[in-house]
Amino acid sequence: MGRGKGGKSRTQRKHFQENRENVWKSKRPKSDSYSDPIPISNPYETQNPAFDHYYKDQRIVSSEEWDAFVQVLRTPLPAAFRINSTSRFCVDIRSQLENDFMHSLQAEVAEGDNTEAIVPLPWYPENLAWHSNFSRKQLRKNQTLGRFHEFLKLENEIGNITRQEAVSMAPPLFLDVHSNHFVLDMCAAPGSKTFQLLEILHQTTKVGSLPDGMVIANDLDIQRCNLLIHQTKRMCTANLIVTNHEAQHFPGCLLNRNCDKMEPNRQDQLLFDRVLCDVPCSGDGTLRKAPDLWRKWNTGTGNGLHNLQVLIAMRGVSLLKVGGRMIYSTCSMNPIENEAVVAEVLRRCAGSIELVDVSSQLPQLIRRPGLKRWKVCDKGKWLVSCKDVPKSHRGVVLPSMFPNGGSYQDVVDSLGDDIITDDVNRNSEDDVQAAENPVMHEFIEEDSDFPLERCMRLVPHDQNTGAFFIAVLQKISPLPAIQIKPRKEVGKPVDTANPGNEDVQELQINPLESIPEEISEANINDNEPNAADLKVSSVAWEEVDFKEAQDPCKVENITKNTPGKRKLQFQGKWRGIDPVFFFKDEVIINSIKAFYGIDEQFPVSGHLVTRNNDTSHVKRIYYISKAVKDVLEMNFSVGQQLKITSVGLKIFERQSSCEGRSAPCAFRITSEGLPLILPHISKQILSASVIDFKHLLQYRAVKFADFVDAEFGERATNLMPGCCVVVLGEGNRAATGPPQVDESTIAIGCWKGRGSLTVMVGALECQELLERLLMRLDTVTEKDSSMHEDKPSDDKGDEANGKNEDEVEVTGC
């Protein structure tokens with residue numbers, strides 16, 4: 001009793017939430033067993049000498065503003081949220097914030113404080129992003145603020161707003177997404193940026209239509225994928241695929257060049273117009289909302305993540321179309337995770353990728369230029385060049401961490417034979433001494449040769465935000481083919497007389513250490529690789545690595561009959577992930593089309609998918625856009641390389657009750673799918689007056705005789721049993737003709753039973769729609785309102801899907 005998915009009781013979860021919300025005031029209980037190098041009085045002490053020492057020397061900000069920088073870092077982060085620009089209530093919500101909450105909440109600000117209670121972010125377009133200067137505790141306790149807090153919770157759950165850190169909203173804006181773009185979000189969870197990308201994709205599309213582009217949102221962790229699916233589900237989109245892969249090994253779905261099924265002019269590889277590469281990082285830009293990071297912070301975290309970040313970024317550019325744009329971003333301030341990674345990507349791509357100057361975009365967003373000079377800190381010691389790094393540390397401190405990059409072979413060559421001999425002959429005692437005193441020679445700090453000032457760093461005290469790093473990269477030509485050079489061990493003599501006799505095994509590449517510089521896209525269409533030049537394709541190379549790592553299962557689906565149990569369907573290629581099938585049962589499809597009167601302008605054939613191949617047991621049918629359809633077909637043709645955890649928009653759902661099974665059509669239209677299919681149905685649809693629509697939302701089930709508009713009740717009686725759609729009309733009389741549908745149309749799904757209509761949407765959506773109807777009810781005369789405000793019969797009539805009111809599925813769109 002009282003336990004959720006996480007296994008914790010409600011009391012435990014409440015206690016945990018209260019502790020998290022009061023971390024800035026909580027005190028650490030005394031314990032003799034606790035030890036920490038920094039004496040602190042509570043578990044989230046907002047200081048760390050190593051942090052101060054590191055970032056002061058890296059010159060992230062000037063010494064004059066250091067105190068202001070740290071002071072803001074030690075204060076809680078203001079809550080920020082963004083209005084969904086594709087919501088039908090977008091204008092209403094923005095107006096409510098500007099004309100209601102901005103004024104009513106200002107009275108709660110302390111006298112003499114010039115801070116505004118809530119304010120739109122000046123750099124975000126069209127006043128669609130806001131931040132509040134109240135804490136969560138204030139929002140809960142104060143009655144006036146409580147109304148605002150309930151507003152935020154409700155609209156967030158419905159999907160009309162998204163709670164998101166302000167600086168996290170910036171990367172998608174610089175990506176310049178268009179409605180026809182194929183977009184890859186490589187490390188997408190928890191999904192706020194993915195939601196934002198989908199908004200931009202859908203912004204210019206008309207009601208009942210879909211954009212030509214699509215988004216693939218990927219995350220390594222399956223639990224985070226579930227969070228990502230929950231977040232993006234509120235968008236109600238058919239243009240999304242959620243996948244579960246390591247970002248650095250994301251499959252390119254490269255087709256076999258000798259495949260007989262290839263169609264003329266068909267793309268033989270999955271490439272993207274836009275890539276968002278928001279990589280895993282140390283996260284010290286989130287110190288304001290996660291103060292426990294203060295005591296955990298150390299330089300080793302950023303150093304350890306550097307190579308993974310390079311791998312992910314390189315995989316991103318290899319999947320990018322020529323002319324496409326990629327954002328590399330982190331919520332870290334560390335140049336090892338930021339500028340050093342960007343410089344290494346530019347170095348490996350050898351001119352095929354350029355760093356874009358976006359300083360003129362979003363001019364009101366205050367940003368700092370990227371650094372061209374930085375140092376590496378290893379075990380508390382500063383290193384200004386890879387020449388400083390002792391041999392014993394070269395597996396940890398990589399040359400790519402330094403401004404000028406290079407390789408340790410270049411270091412050996414530059415230092416000469418004497419240093420080589422020293423390195424070879426140095427005994428273990430010398431190695432220990434070198435590790436303790438790594439700077440054996442004096443080297444000056446390096447400056448990067450790349451225009452890293454075009455990167456941007458957002459720091460907290462500029463606009464009262466968190467910290468973030470953003471670099472905008474554009475692919476101007478295919479990645480170059482570079483000859484693989486055999487590795488030479490330090491001190492090993494080279495056979496100059498016979499240079500072609502190097503050991504072939506020296507050509508081995510460890511994909512976990514580095515993506516090879518011998519990347520090529522120019523020879524993708526070659527039938528055979530050039531053995532003399534030993535050139536390889538970046539995509540082909542990574543596909544080989546990917547298949548070896550993640551192709552353990554067969555593609556076909558296996559079914560097994562278990563005595564005494566229902567037929568079980570085993571998993572497909574990916575363990576723990578339901579396979580995807582195109583739904584091709586023409587009998588069911590035709591019955592759905594006939595029942596709802598779906599017109600021919602709404603493409604159905606080839607656009608329906610399920611996660612169960614047994615049509616008699618299909619419970620949910622998903623709708624996919626043409627772009628998603630093309631990707632799925634390519635994925636099938638290459639042996640299902642994409643591990644898909646979620647795809648498309650749930651549009652039809654089978655009724656499980658006895659009455660549902662006896663209805664002419666076994667499938668109902670879902671709340672998520674209703675906005676898409678609404679303009680294309682001509683049957684089972686009615687227009688209701690404002691009063692009758694309100695009664696449906698309030699009481700969830702209304703008998704036909706209890707509707708205020710008797711004509712509407714009669715028309716409802718004449719509907720076929722099963723799912724129907726009720727559209728909000730105007731005034732106190734329902735329209736007699738077919739409902740007119742546009743972007744502002746409000747409609748709900750209902751179940752027509754023997755004697756009543758029952759609403760088939762969740763309680764939260766009903767609550768939100770009721771609040772939006774208040775403005776429309778002002779146009780109804782006081783006389784009409786008072787005559788018909790009495791509650792209808794308590795008999796709820798036939799329940800939707802055989803469930804009572806509390807059991808009706810919450811599918812708020």
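In this predicted model, the charged end of K375 sits over the ring of W382, 4.5 Å from the ring centre. K321 lies over the face of F182, at 5.7 Å from the centre of that ring. A charge counts as over a ring if NZ of Lys or CZ of Arg is within 6 Å of the ring centre and within 35 degrees of the ring normal. Residues are numbered from 1 along each chain as its sequence is written, and side-chain values use heavy atoms, with hydrogens and water left out. As the model is a prediction, local features need pLDDT of at least 70 and side-chain atom pairs count only at pLDDT 80 or more, while totals for chains, interfaces and linings use all residues.

W382 also belongs to a cluster joined by ring pairs, together with F51, Y54, Y55, W294 and W297. The structure holds 18 aromatic pairs. Such a pair consists of Phe, Tyr or Trp rings (for Trp, the six-membered ring) with centres within 6.5 Å; planes under 30 degrees apart are stacked, over 60 edge-to-face, and the rest tilted. F51 and W297 form an edge-to-face pair, because their planes stand at 85°, with the ring centres 5.4 Å apart. This pair links distant parts of the chain. F51 is in helix α2 (residues 49–58), and W297 is in the loop between α10 (293–296) and α11 (299–318), 246 residues apart. Helices (H or I, at least four residues) and strands (E, at least two) are DSSP runs, numbered from the N terminus. F51 and W297 are both buried. Buried means under 20% relative accessible area, exposed over 50%, and partly exposed in between (1.4 Å probe, protein chains only). Y55 and W297 make a tilted pair, 5.8 Å centre to centre and with 50° between the planes. Y55 lies in helix α2, 242 residues from W297. Y55 is buried too.

The structure holds zero disulfides (cysteine sulfur pairs within 2.5 Å). For C331, the closest cysteine sulfur is that of C281, at 3.4 Å, which is too far for a bond. C331 is partly exposed, with a relative accessible area of 22%. C349 is buried, at 1% relative accessibility.

L128 lies in the loop between β2 (118–120) and β3 (129–132). With a relative accessible area of 5%, L128 is buried. Leaving aside neighbours within four places in sequence, L128 is in contact (heavy atoms within 4.5 Å) with F81, R82, I83, S85, C90 and R94. L128 and R82 are 46 residues apart in sequence, yet their C-alpha atoms are 5.7 Å apart.

Five strands form an open sheet of mixed pairing, in the order β24-β26-β27-β28-β25. Strands pair if DSSP finds at least two bridges between them. β24 (685–688) and β25 (701–703) are the edge strands, each pairing on one side only. The twist averages 30° from one strand to the next. β24 pairs with β26 (residues 722–728) in the parallel sense over four bridges. S687 stands opposite V727 in β26.

Two helices pack on this sheet. Helix α22 (residues 690–699) touches β24, β25, β26, β27 (747–752) and β28 (756–759), and its direction makes about 130° with that of β26. Helix α23 (residues 710–717) touches β24, β26, β27 and β28, and its direction makes about 165° with that of β24. Axes are lines fitted to C-alpha atoms, for helices over the stretch in contact, and angles run from 0 to 180 degrees between N-to-C directions.
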